[in-house]
Amino acid sequence: MLESIANQHLKGWLDGVVVLLKPDSVRLCDGSETEKEELTAQALKTGELVELNQEKLPGCYYHRTASNDVARTEHLTFICTTDRQNAGPTNNWMSPEDAKAKVGALFDGAMKGRTMYIMPYVMGPIGSPYAKIGVEVTDSIYVVLNMRIMTRMGAKALEMLGDSNNFNRGMHSKGDLSVDRRFILHFPEENTIWSIGSGYGGNVLLSKKCLSLRIASFLGRKEGWLAEHMLIVGIEDPNGKVTYVAAAFPSACGKTNLAMMVPPESMKGYKIWTVGDDIAWMNIGKDGRLYAINPENGFFGVVPGTNMKTNPNAMLTMQKNTIYTNVVLNPEDKTIWWEGHDESAPEKALDWQGNEWMPETLDADGKKVKGAHPNSRFTAPASQCPCISPNWEAPEGVPISAIIFGGRRAKTAPLVYQSRDWQHGVYVGATMASERTAAQYGKQGELRYDPMAMLPFCGYNMAEYFKYWLEFGKRMTNPPKIFHVNWFRQGDGGNFLWPGFGENLRAIEWVVNRCNMAADSTKSGDNADETSIGFVPKASALNTSGLEISQENLAELLRVDKEEWLQEVENRNEFFKQFGEDLPKEIKEEQEKLKKNLG
Ligand code: GTP
Ligand code: SPV
Ligand code: MN
C-alpha cells in the first residue's frame, strides 16, 4: 500500500507510524465517491453510523460519540515546545521528549485489529498561495467521513503536495476512548499533531482547531500572517456594495449564525454572503489591506437553537449530505430533533446517549432532560449554503474592512462599540471575556477572559501574540477598523435585551457605515458618541425601523456603566498578571488610559 506513495518524506513518516500503531491494514484515502460509499456501508454495519430517512434527509447519517466525549477537552490539550516559555502561561505544556515518551506508549499498538486510514488534505482553496497541506492518519471512519466534508481531501492534496516535505503530520487514534488516556498534543516546531483517546470533532478533526488555529497561529507569526477564530462574511448594501468583515466570538457564541444571518424584513435591500463560519487565515495584500481566506470546506456547527427563524440558511445547508452528531434520533422514521427545532419533539425517541427519551422526561431536580447534547453538531459542505459567497474560494481571499470581537456577556459590554485605533482595538480584543458554553468542558456560564476568542487555540505565548498583533497593524497601510459587539446583554429579569440573530444586521450596518464613512472614522462624527471605552452608536444612529424595542432597553444596551467598567478594569488586571513582564507596554498603556477615562 505505502509503496504507491511517491513522496519520500510522506512515505518515510508513514512507515514509522505503521511500526508504532501496528494497524492490521492500511488504506490511502483518495476522496472519491466510491470510497465514501464503501466506508459508509462499513460504518452502518458496525453501528458507528445510522442511516437517516433518505427521502427527507438524502445523504444524511447519524452518529453518537461516547458520553464522556462530547466537547473539546482543554485540560488535556498541550502545546509541546522545547522551551516552556514559548507555550506561555495560558497553555498546558509538556516538553516534546516527555510528551512523546508518555503518549507514544499509548499509541504503541493502538491500531491492532483496526484499519489505518491515511487522509491527505488541503486547507484553503486548491491553488491558493495561502493554502496549507496536512496528512492525518486515523482509525475512525467517522473522522474520515467528516474530514471529506470539512477539508479538500484525497488525491488532489497529494497532487498539490508533490515531493514537498512541507505538510502537517497528524496522528489520531480513538485508543480506548478513556479520558484518563486522552491527549491532544501539538508540536508546532515540527508541524506535528498527536491526538489519542477521543472521537469528538475538535479533538480529532485535526485540520480544524489543531492545525488551522494552534499550529497555524505559530506558523503565521513565523511567516507573517494571522490564523484566527473568526467567521468571514460579506454584507451587500442596497446599492450593491459588498463590505467584508471578520468576527471573533468564543465557541458557541454566534459565529455560524452571524456568518449566515438573514436580514430582517425592514432591511430587505441587504444581502449576506458567507465566506467562512469559524476560521480565517489573513494575509496583507499588495494594496496594504488585510485579505482573509476560509481554510475549511464545510461547517461543523452547533445544532441546538438552530431553526428556520434563527438560522434558516444553516437549516437549508444541512438538509442533505450531512452528518449529525449527538442529537435526538426518532427510530421510527429515522428523523432527528433537537431543543429549539421548528417542529415539536417526537413523543418517544432516543436521546444523544441512545437512551429512551420523551419530551416531558424530568431529571431529579424536576428539570426537563435535554434530548440533544447542548454541543451536538452538524457537519455539512459549505457549498450547500444558500448564501455562500461567490468569492468564498477566491485564492487571494476577500478584503476585510472591519474586525469584530465579541463575547457572551450578561452585563457591562454594550451592544456595539468601535475602538479608537489599531492599538486600542488590539486591547479590546485582548480583554474579550465571555461566559463558558457547552463547547468546552468546565463550569458553564462562568465568565472567563478569552483574548481574540483564541485562549484555547493560540499555539504560542499569548503575550507574544498580543505583540504580534500590535506589530501587524503597522504593516498595513489601510488596516481594518476594530469593533466589539455583545448580543447577550441581559435585563434585570435575566432576559436578553437584544433580539439577536438576523436583527444583528442593525449593529453590523452601523459597523459598515463607520468603515465606509467619508469623514475620519477615528472621530465620533454624527453617528457615534465618544465614551471612555470608545465610540458607541447614538441611539438614533441604529436602524430600528420595524424592530420592537423600547427606548429604555435600547438605552440600556448602549449604556457604559462607570462602576461596572471600573470593576472590569480590576478583573482585567487580575487576568493580565499571569503574563508578568511579557505583557506589551501598549496593552498596559491602554489599560491605564481606560482607567483614566473612567475617572
Ligand atoms: P462554534 O462552532 O462552537 O465556534 O460556535 P459559533 O460561534 O459558531 O456559535 P453558533 O453560531 O453556532 O451559536 C451558538 C449558540 O448561540 C446557538 O445555540 C445559537 O442559537 C445561539 N446564538 C447565536 N447567535 C445568537 C444571538 O444573536 N442571540 C442569541 N440570544 N443567541 C444566539
Ligand atoms: C469550537 O468549539 O470552537 C468549534 C467546535 O468550532 S470544535 O471543532 O469542537 O472546536
Ligand atoms: Mn469554533
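Helix α10 (residues 422-430) packs against helix α11 (residues 462-474) at an angle of about 150°, and their axes lie 9 Å apart. Helices here are DSSP runs of H or I with at least four residues, strands are runs of E with at least two, and both are numbered from the N terminus. The axes are lines fitted to C-alpha atoms, for helices over the stretch in contact, and angles between N-to-C directions run from 0 to 180 degrees.

Before going further, a word on the source: this is a predicted model, in which local features need pLDDT of at least 70 and side-chain atom pairs count only at pLDDT 80 or more, while totals for chains, interfaces and linings use all residues. Residues are numbered from 1 along each chain as its sequence is written, chains are lettered from A and ligands numbered from 1 in the order in which they are written, and side-chain values use heavy atoms, with hydrogens and water left out.

**Around helix α10**

The helices α10 and α11 are therefore roughly antiparallel to each other, a label given to angles over 145 degrees, with under 35 counting as roughly parallel, 65 to 115 as roughly perpendicular and the rest as oblique. On the α10 side, W422, Q423, V426 and A430 meet F466, W469, L470 and G473 of α11, where contact means heavy atoms within 4.5 Å. The residues of this contact comprise 6 nonpolar, 2 polar and no charged. Ala, Val, Leu, Ile, Met, Phe, Trp, Tyr, Cys and Pro count as nonpolar, Asp, Glu, Lys and Arg as charged, and the others, Gly among them, as polar.

Helix α10 also meets helix α15 (residues 585-598): the two axes come within 9 Å and cross at roughly 85°. That makes α10 roughly perpendicular to α15. From α10, Q423, H424, V426, Y427 and A430 touch E586, I587, E589, E590, Q591 and L594 of α15. By class, this contact has 5 nonpolar, 3 polar and 3 charged residues.

Helix α2 (residues 33-46) and helix α4 (residues 141-150) pack at about 145°, with axes 10 Å apart. Their crossing is left-handed. Here E33, K36, L39, T40, Q42 and A43 of α2 meet I141, V144, L145 and R148 of α4, and the contact has 5 nonpolar, 2 polar and 3 charged residues.

L28 sits in strand β1 (residues 25-28). Leaving aside neighbours within four places in sequence, L28 is in contact with M1, S4, I5, E35, I118, P120 and L158.

**The two ligands**

Ligand 1 is surrounded by 22 residues, the closest being A252, K255, T256, N257 and R377; a residue counts as near if one of its heavy atoms lies within 4 Å. Around ligand 2 are R72, Y200, G202, K208, K209, H229, S251, D278, F300, R377, A439 and F457.

The table gives polar contacts, that is, pairs of N or O atoms within 3.5 Å; within protein, one must be able to donate a hydrogen and the other to accept it, and residues adjacent in sequence count only if both atoms are side-chain atoms.

| Ligand oxygen | Protein atom (N or O) | Distance |
|---|---|---|
| Ligand 1 | A252 backbone | 2.7 Å |
| Ligand 1 | G254 backbone | 2.9 Å |
| Ligand 1 | D278 side chain | 3.1 Å |
| Ligand 2 | G202 backbone | 3.1 Å |
| Ligand 2 | H229 side chain | 3.3 Å |
| Ligand 2 | S251 side chain | 2.5 Å |

Methods: Left-handed = near helix turned anticlockwise from the far one by under 90°.
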